Amino acid sequence: MLYIIIALLAIIAVVYLIYKKVHAAAAIFMVGVILLMLAALTGRAEFRTTEIEATGNAFYDQLLVVDALFKERFSGIGMAIMVLFGFVAYMRHIGADAKTVVALSSPLQRFKGSYWLVPVGYVIGNLLSLVIPSASALSLLLVATLLPALIAAGLTPLTVGAIVVTSSTIIPTPLEAGLIQGAELTEMSVTEFVYGSVALATVPTLLITAFVHMWWQRRCDKVEAIKYAEAHGGELPEQNNAVEEAIKRAAGLPGYYALLPLLPLLLIIVSAVLNRTGVLPFEADILPVTVVSLIISIIVESIRHRNLNDAIDGAASFFKGMGEGAAGVVALLVAAAVLVEGITQMGIIDMLTDAASGSSGAAVLIVLVFVGATAAMAALTGSGTAPYFAFSEVVPGLAEGTTIHAPQMLTAIWGTSNLMRQVSPVNAAVLIVSGAIKVNPIRLVKRTMVPMIVAAILNVVFSFMFIA
């Protein structure tokens, strides 16, 4: 119990420091390192989840854990983030981002900043997650495309940020790892499990959540506008002038430049379609696709200016952008990984797993324990896969001895896991988007919390209502 208290105090400390406007990455990292040292001091270091070559000194081994987490994050999603940030910086350098904003925001301007753009954007983002199942990859691409377009159309950055973060949640797709495993556990085909069971609960949940989003973002914007007015002598927040700025920057650029910032997204979608139709033996990842997009953009820029040297020289902005990504979003990802490792070593995850798998009694009680434990683990770790896989294996056995139908329980905990990860300030998508719009992750989580909690409840209810 002592270790659980220590871990909870660490989480409270992180929230307090960020609330006090301490640098988010620094606060998360320092608290995480302290947790790891306490784990070494109290003999909990043996519960580490990161593979290292132990030296026999617990404190030094914990530093090796930090070293491994740095390498893992910078070489994986961290490198993809840095490359995409570099690409966005190059697009800004040549003005193509402004051309895209003007092109995408023009039809959206008809909404005149209406909050009906919220459910529209939310549905678009979720549909894109069918071909881009990685939440972090989808967030990266939407940050470069949908986010500036919706902001230019009149929505606030926090509202659009919440849409982007929650775009990858519970869209029913037979390509999702958790649903593939769920089909195996229930001895059903993947398509039968996904579209004959899971979709019955998740599709109505997503549609209702789109309008919950609209209501919640509108309410939050009103509250923040009132607070701003009170703090600035009755003045209202400055109106967004992104379109006017973009028009000035895009002046003189050919129309096809609007396609350049969209190249990574288009190439990802094309490769996914070709892979699923058997034309390509692979599905392109975001990093190589972004590099190809950069090279194409440099070639286009050199042809337009008829000067290859200047076009290549302008690519220096790409590397500056990579540095910005490393100092901002990737730093947050590394810090969050250190904190999650410390929390795990303190035993919170094991406690939740034991509480769920050791539950007994009425079926309703079992459901509540499993769903509650899944929600807590997802919110603490920011992961949608870990909580689901931690509990899913025991579901078939529970179903045999109770009135619970396995597809119902699996859909309930899968949905809860993937929805509640978006209310975690250490979730990769939250960190990516908060870094892009330059706000504390806690502020963004406030925007995602209500829609995701409502969605989690609806998903559980619909799982037991509609899945036979």
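Predicted model: local features only at pLDDT ≥ 70, side-chain atom pairs only at ≥ 80, totals over all residues.
Residues are numbered from 1 along each chain as its sequence is written, and side-chain values use heavy atoms, with hydrogens and water left out.

Pro 451 is found in helix H23, and by helix I mean a DSSP run of H or I with at least four residues, just as a strand is a run of E with at least two, numbered from the N terminus. Leaving aside neighbours within four places in sequence, Pro 451 is in contact with Thr 209, Val 212, His 213, Trp 216 and Gln 217, contact meaning heavy atoms within 4.5 Å. The C-alpha atoms of Pro 451 and Thr 166 are separated by 8.9 Å, although these residues are 285 apart along the chain.

Where in H23 does the kink lie? A kink of about 35 degrees lies at Thr 448, shortly before Pro 451, and the bend at a residue is the angle between axes fitted to the seven residues ending there and the seven starting there. Helix H23 covers residues 441–466, and its 26 residues reach 35 Å from the first C-alpha to the last, close to the 38 Å expected at 1.5 Å a residue; that expected span is 1.5 Å times one less than the number of residues.

Another proline, Pro 441, also has its place in H23, and Pro 441 counts as buried because its relative accessibility is 1%. Setting aside neighbours within four places in sequence, the contacts of Pro 441 are Ala 24, Pro 425, Val 430, Leu 431 and Ser 434.

Let me turn to two other helices, H10 (residues 177–185) and H11 (residues 190–231), whose axes come within 8 Å and cross at roughly 100 degrees. Axes here are lines fitted to C-alpha atoms, for helices over the stretch in contact, and angles run from 0 to 180 degrees between N-to-C directions. H10 and H11 are therefore roughly perpendicular to each other, a term for angles of 65 to 115 degrees, while under 35 counts as roughly parallel, over 145 as roughly antiparallel and the rest as oblique. On the H10 side, Leu 179, Ile 180, Gly 182 and Ala 183 meet Val 190, Phe 193, Val 194 and Val 198 of H11.

In the loop between H10 and H11 we find Glu 187, which has a positive phi of about 55 degrees although it is not a glycine. Glu 187 counts as exposed because its relative accessibility is 74%.

How many residues of helix H7 are buried? In H7 (residues 135–144), 10 of the 10 residues are buried, so this helix is largely enclosed by the rest of the structure. Helix H21 is mostly covered, with 15 of its 15 residues buried.

Among contacts between residues at least 6 apart in sequence, 78% join residues at least 24 apart.

Key:
Buried < 20%, exposed > 50% of the residue type's maximum accessible area, 1.4 Å probe, protein only.
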